[in-house]
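Here's a quick briefing to read alongside the model. Have a look at the fold first, then work through the points below.

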Amino acid sequence: MRKKKSSADANTESAPRKSRLSLIAGTVAAVLILLAVFYLLGPKKAVKKYVKAGIGKNGGKKYFSMILPDYIADQLKADEKWDDMIERYNNDNADARDDYKLKIKEINKKGKLSDDALDGAQLYFTEIAKKYDTKPQKLTIKKGWEFEIQLTKKEKKKSKTTESLTICAIKIKGEGWKIAEVSASDLKNLSRSHD
């Protein structure tokens, strides 16, 4: 005759099963949260880094690292132009800071880039390479977002004003997020002009 399971036995069998399910559910939730944070904050963090470099003291190196694909920066270093370019940028920024101060007011994500805009981003970086006398290379562009940046500008003895600019954060395989200093519609138009 089989022994009937008591309710205490049933509870001890289901307890490990419940804890395994809880552990799996918790792990899945943590992974989803991490992915969401990485996916949503990655481009915004890059934009913030770009803006701070652009308006900050001695931000030239970081600024150019954010707007140029790595192969262009490497070529500029090989041609011994990199350090001079950074020094000029930092000096120009220092002179401008004598006249006014800029602070980040807001960074707003406007929307994900369309396939046309992503094609335009490839052409945009090709034009950037030519501008810096570097042979263009094919980049693997993964995705991108358009952002609107609002800056507070304070001039000496004048009231504050707000300036706004629109840029795109572009994710390049192997390099991370780079900044295209144009709008999504500019990238789309660039793509269409090469059809």
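This is a predicted model: local features need pLDDT of at least 70, side-chain atom pairs count only at pLDDT 80 or more; totals for chains, interfaces and linings use all residues.

- Glu80 sits in the loop that runs between helix H3 (70–78) and helix H4 (82–99).
- Glu80 counts as exposed because its relative accessibility is 67%, and the cut-off for exposed is over 50%.
- Asp133 is another non-glycine residue with a positive phi, this one about 55°.
- You'll find Asp133 in the loop between helix H5 (115–131) and strand S2 (141–155).
- With a relative accessible area of 61%, Asp133 is exposed.

**Salt bridges**

- How many salt bridges are there? The count comes to four, and three of them are picked out here, among them Lys178 with Asp70, Glu127 with Lys130 and Lys153 with Glu163.
- Lys178 and Asp70 pair up through their side chains, with N to O at 3.0 Å. Lys178 belongs to strand S4 (residues 176–180) and Asp70 to helix H3, so this bridge ties together parts that lie 108 residues apart in sequence.
- In the Lys153 and Glu163 salt bridge, the closest N and O atoms are 3.2 Å apart. Lys153 lies in strand S2 and Glu163 in strand S3 (residues 160–172), so the pair links parts that are 10 residues apart in sequence.
- Lys153 is buried, with a relative accessible area of 15%, whereas Glu163 is partly exposed at 35% relative accessibility.

**Positive surface patch**

- Which residues make up the patch of positive charge on the surface? They are Lys44, Lys45, Lys48, Lys49, Lys52 and Lys62.
- Helix H1 (residues 7–55) is the biggest contributor to the positive patch, giving five residues. Lys52 is one of the patch residues and is found in helix H1.

**Buried spots and their contacts**

- Ala46 is also in helix H1, but Ala46 is buried, at 8% relative accessibility.
- Ala46 and Trp177 are 131 residues apart along the chain, yet their C-alpha atoms are separated by 6.3 Å.
- Asn90 is part of helix H4 and is buried, with a relative accessible area of 13%.
- What does the side chain of Asn90 reach? The side chain of Asn90 reaches the backbone nitrogen of Gly60, at 2.8 Å.

Conventions: Residues are numbered from 1 along each chain as its sequence is written. Side-chain values use heavy atoms; hydrogens and water are left out. Helices (H or I, at least four residues) and strands (E, at least two) are DSSP runs, numbered from the N terminus. Buried means under 20% relative accessible area, exposed over 50%, partly exposed in between (1.4 Å probe, protein chains only). Patches are made of residues with over 30% relative accessible area and no salt bridge: like charges are joined within 9 Å, nonpolar side chains (Val, Leu, Ile, Met, Phe, Trp, Tyr) within 5 Å. Accessible areas come from the Shrake-Rupley method with a 1.4 Å probe; for residues, only the protein chains shown count as cover. Lys and Arg count as positive and Asp and Glu as negative; His and the chain ends are not counted. The place of a charge is taken as NZ of Lys, CZ of Arg, CG of Asp or CD of Glu. A polar contact is a pair of N or O atoms within 3.5 Å; within protein, one must be able to donate a hydrogen and the other to accept it, and residues adjacent in sequence count only if both atoms are side-chain atoms.
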